[in-house]
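Reader: I'd like to learn how to read pockets and sheets in a model. Could you walk me through one?

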Amino acid sequence: MNYKKIYLLFLLVCGSSISIAQKNAENQSYFEYSGRIEKLADNKAVLIGAAAAVSFDFSGNSCDVLLQSLENHQNYVSLELDGNYIGRVRIEKGEIKSYPVKVSNGKKTHHLSIYKATEAANGGVLFAGTTAKLVKSTASKKKKKIELIGDSITCGFGNDASAIPCGSGDWYDQHNAYWAYGPVLSRALNIDFVLSSVSGYGMYRNWNDEHENEPNIPDVYENLYLNKDSSKPYDFAFQPDLVSICLGTNDLSDGDGKKARLPFNEEKYVSNYIEFIKTVYKHAPNARIVLLTSPMVSGDKNVTLVKCLKKVIQAFENDKTHKPITLFEFQPMSPKGCGYHPDIADDKVMADQLIPYFKKLLNEK
């Protein structure tokens, strides 16, 4: 037996394997992920939640990105190049496709971020790589972090009718999480963020379900895909300095007026909220929690909502292990987006209200 040949063959094969592994690891280090995502082999990743993103730096003016809608329908992503929004892209159903990114400025290197414009309920968007020549990012990684928990308002539901008018297409065709209030305020404050939000969901019941056929936010929060699938738990590696919760719009809703709807149950809402905060603390013990009212709730319902949120805060008033929970009340709004939701301008109004408040809390020692 020629051991020398075998040894050389071993070096050749293993050397190639090591080279490929190193190449994959090297490429992986060029990509930065944010939000609820699932990393896959070969530098691929699934963008799951609203505004989940992958970012990278590249040189030159040539860049195509490989994307796929993992559901049997279209999805959307929003693109940001060198800090500027360059548009929302429709990802058609079917196989992986290449989408060109137009680069018109004269910079030698560029930073591209791909944000999922739709939400977890619309299925994942697969990022399968890029043709761009990747370079190492020099951006600072040390930023404050926030998590925004909520429903359709937090998702950016119905805020962008620039391509398809309200009432046309599918219910998610006007989604643009890039312009939801959370991402807008996060960019203004230069902080990292994650959205944990699902349209129609509430704290103890949903928009048109009495918690009979559908889960609510507490049911899905610990699952990566924000659905009933508990086989893929969320790892909570993202440790926020601040967590805001904006839930109650759907609990207080009257539904579609056709399906049987029980009166709002204050006791259930408050007790579920208290237990949910304990879950948040379990995963983010050092976070500051802020409860938000809803810009879509007004009149007597808003009075009820504020009363309930104050009861929730009161339940933690003797808690000395966490920072005090606070309440933020949005100013009254007549939303101009689809389905009586905020549009992009309304989202900016909400963000502008929250920016000084969040900035103050994040800077407190």
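This is a predicted model: local features need pLDDT of at least 70, side-chain atom pairs count only at pLDDT 80 or more; totals for chains, interfaces and linings use all residues.

Reader: How many bridges join strand S3 to strand S10?

Author: Three, linking residues 45-47 of S3 with residues 125-130 of S10, and the two strands run antiparallel. Both belong to an open sheet of five strands, ordered S2-S3-S10-S5-S8 with antiparallel pairing.

Reader: Why is one side of S2 and of S8 left without a neighbour in the sheet?

Author: Because S2 and S8 (97-100) stand at the edges, and each has a single partner strand. From one strand to the next, the twist averages 30°.

Reader: Now the pockets, please. What is the general idea?

Author: A probe the size of a water molecule is rolled over the atoms, and this shows where empty space is left. Here, the largest pocket holds about 1,100 Å³ of space.

Reader: Which residues lie nearest the centre of the largest pocket?

Author: Glu32, Tyr33, Ser34, Ser55 and Asp192, out of 36 lining residues. The lining comprises 13 nonpolar, 11 polar and 12 charged residues. Elements supplying at least two lining residues each include edge strand S2 (37-39), as well as helix H3 (181-189) and strand S13 (192-197).

Reader: And what lines the second largest pocket?

Author: That pocket, with about 370 Å³ of space, is lined by 21 residues. Nearest its centre are Trp207, Thr249, Asn250, Ser253 and His341. By class, its lining has eight nonpolar, nine polar and four charged residues.

Methods: Residues are numbered from 1 along each chain as its sequence is written. Side-chain values use heavy atoms; hydrogens and water are left out. On a 1 Å grid over the protein atoms alone, a cavity is a set of points where a 1.4 Å probe fits but cannot get out, and a pocket is an open set with protein on both sides within 12 Å along at least five of seven lines; lining residues have an atom within 4 Å of a point. Grid points are joined across faces, edges and corners, and a volume is the space filled by probe spheres set on the points. Helices (H or I, at least four residues) and strands (E, at least two) are DSSP runs, numbered from the N terminus. Ala, Val, Leu, Ile, Met, Phe, Trp, Tyr, Cys and Pro count as nonpolar, Asp, Glu, Lys and Arg as charged, and the others, Gly among them, as polar. Two strands pair if DSSP finds at least two bridges between them. Axes are lines fitted to C-alpha atoms, for helices over the stretch in contact, and angles run from 0 to 180 degrees between N-to-C directions.
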